[in-house]
Amino acid sequence: MGIVEKVTYIHSEYHLGLLKAKLARYRAQLLEPASKSGPAGVGFDVQKSGDARVALIGFPSVGKSTLLSKCTHTASETAAYEFTTLTAIPGVIEYQGARIQLLDLPGIVEGASQGRGRGRQVVATAKTADLILIMLDATKSEEQRRLLEIELDAVGIRLNKRKPDVVFKRRTTGGLNTTVKLTKTDEKTIRTILAGYKLHNCDVMIREDITTDEFIDVLIGTRKYIPCLYVYNKIDAISLELVDKLARTENTVVISCEMDLNLDYLIERIWESLELVKVYTKKRGARPDLSDPVCLRKGATIEDVCLGIHKSLVSNFRNGLGRSSKFSPHAQKVSLNHQLQDEDVVSIFTK
């Protein structure tokens, strides 16, 4: 590559980064218009309940309603034709003392992110989930998976990704600081994107090697990073070789709702992906209540336990006693910011 070609390539990279930033901004405005005038849209008014929410997403007639009925004993209309489910139907999975809300969402079609087939209501509800199950038909091509990923990505849902380690703050003064070498983008491209958003004074700290798209996601600030399991249904209708190939794919579970195959394993994988911890409460002089645990997200603290029981416990908190059934059999005095592990036993004392 000659010098002229190198200069042309560099300019095209900067131009591409600026175009990506503009496109992301326009998409965000399309999904969340600044003007609040006009009639309110009709959404899915389903109250979030239980210890976690799992959303079922897929094209019509892939077995979402059947899975809901099998796992939660909730009646959801099923039929051989498409678009049987027209609204969100909730059910509850009870597993290891936890209550996990499973939402059967209407089947989406290509172009759902632009509003086709109530697609915006479906993906908006999916944004509130702690885990997404993408339901796929094992008898069809992999194109269905790619199309669903495109639709969710277009509305700001990032599947099986973590938020980039980038600190961004608006300031009257500031600068761009990087603690790692950037190989997927460069400082000039980032400054060009910032200028495109009219951010001339800000403090940006980049602590990992990120791409241009990941930096734009940080600037937008409305992206949702949600774990996802790809669930292939109807494996009873394909060959064993294909079943084995699909089962070995990362973040994938193969099932058959019709023949009740592998449904127990699917619930186990849901539990693992949610990363919930069970905490048992104990009254003074009594045994721990092992029948009704408090289920919290990984990294939860004593304060989260108090809020899970009653919010007044935080303001009246005096101290707590924590006992780990896995590491230490002896109770230790703990504060509100003490981080809990799975199957810990806690006692809370108020003023």
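Some ground rules. The model is predicted, so local features need pLDDT of at least 70, side-chain atom pairs count only at pLDDT 80 or more, and totals for chains, interfaces and linings use all residues. Residues are numbered from 1 along each chain as its sequence is written, and side-chain values use heavy atoms, with hydrogens and water left out.

Start with the whole chain. There are 10 helices and 16 strands. Those are DSSP runs, numbered from the N terminus: H or I with at least four residues for helices, E with at least two for strands. The chain has 351 residues, and 41% of them count as buried. Buried means under 20% relative accessible area, with a 1.4 Å probe and protein chains only.

Now the sheet. Six strands form an open, mixed sheet. The order is β2-β3-β1-β4-β10-β11. Strands pair if DSSP finds at least two bridges between them.

Helix α8, residues 263-274, lies across β1, β2, β3, β4, β10 and β11, at about 90° to β2. For these angles, axes are lines fitted to C-alpha atoms, for helices over the stretch in contact, and values run from 0 to 180 degrees between N-to-C directions.

Look at Ile 270. Beyond residues up to four places away in sequence, Ile 270 touches Val 54, Ile 93, Leu 131, Leu 133 and Leu 229. Contact here means heavy atoms within 4.5 Å.

Last stop: Asp 137, in strand β4. Is Asp 137 buried or exposed? Buried, because its relative accessibility is 3%. Leaving aside neighbours within four places in sequence, Asp 137 is in contact with Val 62, Gln 144, Asn 233 and Lys 234. With Lys 234 there is a side-chain to side-chain polar contact, at 3.2 Å. That term means N or O atoms within 3.5 Å; within protein, one must be able to donate a hydrogen and the other to accept it, and residues adjacent in sequence count only if both atoms are side-chain atoms.

Key:
Buried means under 20% relative accessible area, exposed over 50%, partly exposed in between (1.4 Å probe, protein chains only).
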